[in-house]
Amino acid sequence: MPTDELMTIARSVALAAGSLAARRRAEGVEIAASKSSPEDVVTHADRETEALIRSMLAEARPSDGFFGEESGADVGSSGLTWVVDPIDGTVNYLYGIPHYAVSIAAVEGEPDPSTWRALAGAVVNPANDEVFTATSGGGAFLGNRRLQVTEAELSLALVATGFSYSADQRREQARILTGLISQVRDIRRMGTASLDLCAVACGRANAYFEKGLSPWDHAAGALIASEAGARVTGLGGAPANKNFLLAAPPLLAERLETTLANLYTREEKLA
Ligand code: LIP
């Protein structure tokens, strides 16, 4: 199927799921369970939204695989997998902060960010009706506006980042931030990886980096950022992965990656 048709499916499903998530938010959100730590929660709306996404994708593309944050993975027979975060920015959503997103990407190959090829993606923020989309080789868009990153000096870069649900990992991340913050314009911690990547794509942030992301956090946003001209990478030229992801215009990405690599200990680079 052409990538623009995959993107159309991702966008329409994300819009429907976003409407559901917004309705549930207005009705009041309740925690269903905690996951990796008490801070890492899943709401009933997360689960309901992923179930809607899963059913719509199964109807549209019954042979494809599915890899979702809340309901796990099903291998398909088509060679394509839908990588889904039903509500990215769950803590923002729980607290009523209007900065969360439905993130849906179609990838070719195994649902492994170090090997997959992202073909199409959509990130929808139901709180402000912004719709970010991209297709591989077809560009990135906010609505109908094509997106293109612009370079910035490191010292004038507005850098987005995020923190782990693990207190020990947050302690390490804060140490890195202490070393970085005096070398850049400022830091933003907005709470939603997919929208952080879209922020890089549309110039609301010059760069974004984070350690410990899950595949569904960045599957669609990384495609949107790269199609807008950003370099999306891991440390030391590795592909973006759970260990580390950075997105920025190419020259800034190189400077920021070098700066961060000098801040991480050898052990942290591998963790
Ligand atoms: C979140 C990411 C965010 C990260 C959080 C969490 P979730 O995803 O979007 O960037 O800092 O720790 O991983 O859990 O809301 O889907």
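The dialogue below goes through the ligand site.

Tutor: This is a predicted model, where local features need pLDDT of at least 70, side-chain atom pairs count only at pLDDT 80 or more, and totals for chains, interfaces and linings use all residues. Residues are numbered from 1 along each chain as its sequence is written, and side-chain values use heavy atoms, with hydrogens and water left out.

Student: How many residues surround the ligand?

Tutor: A residue is near a molecule if one of its heavy atoms lies within 4 Å of it. Here 16 residues surround the ligand. Asp88, Thr90, Tyr165, Ala193 and Glu210 are the closest.

Student: How do these residues divide by type?

Tutor: Asp, Glu, Lys and Arg count as charged; Ala, Val, Leu, Ile, Met, Phe, Trp, Tyr, Cys and Pro as nonpolar; the others, Gly among them, as polar. The shell has 6 charged, 5 polar and 5 nonpolar residues.

Student: Which polar side-chain atom lies 2.6 Å from a ligand oxygen atom?

Tutor: A polar contact is a pair of N or O atoms within 3.5 Å. Asp88 supplies that side-chain atom. For Asp85, a side-chain N or O atom is 3.0 Å from an oxygen atom of the ligand. Phe163 uses a backbone N or O atom, 2.8 Å from a ligand oxygen atom.

Student: Why does the ligand lie between domain 1 and domain 2?

Tutor: Domain bounds come from an automatic or database domain assignment. Domain 1 (3-146) and domain 2 (154-270) both give residues to the shell around the ligand, so the ligand lies between them.

How values were computed. A polar contact is a pair of N or O atoms within 3.5 Å; within protein, one must be able to donate a hydrogen and the other to accept it, and residues adjacent in sequence count only if both atoms are side-chain atoms.
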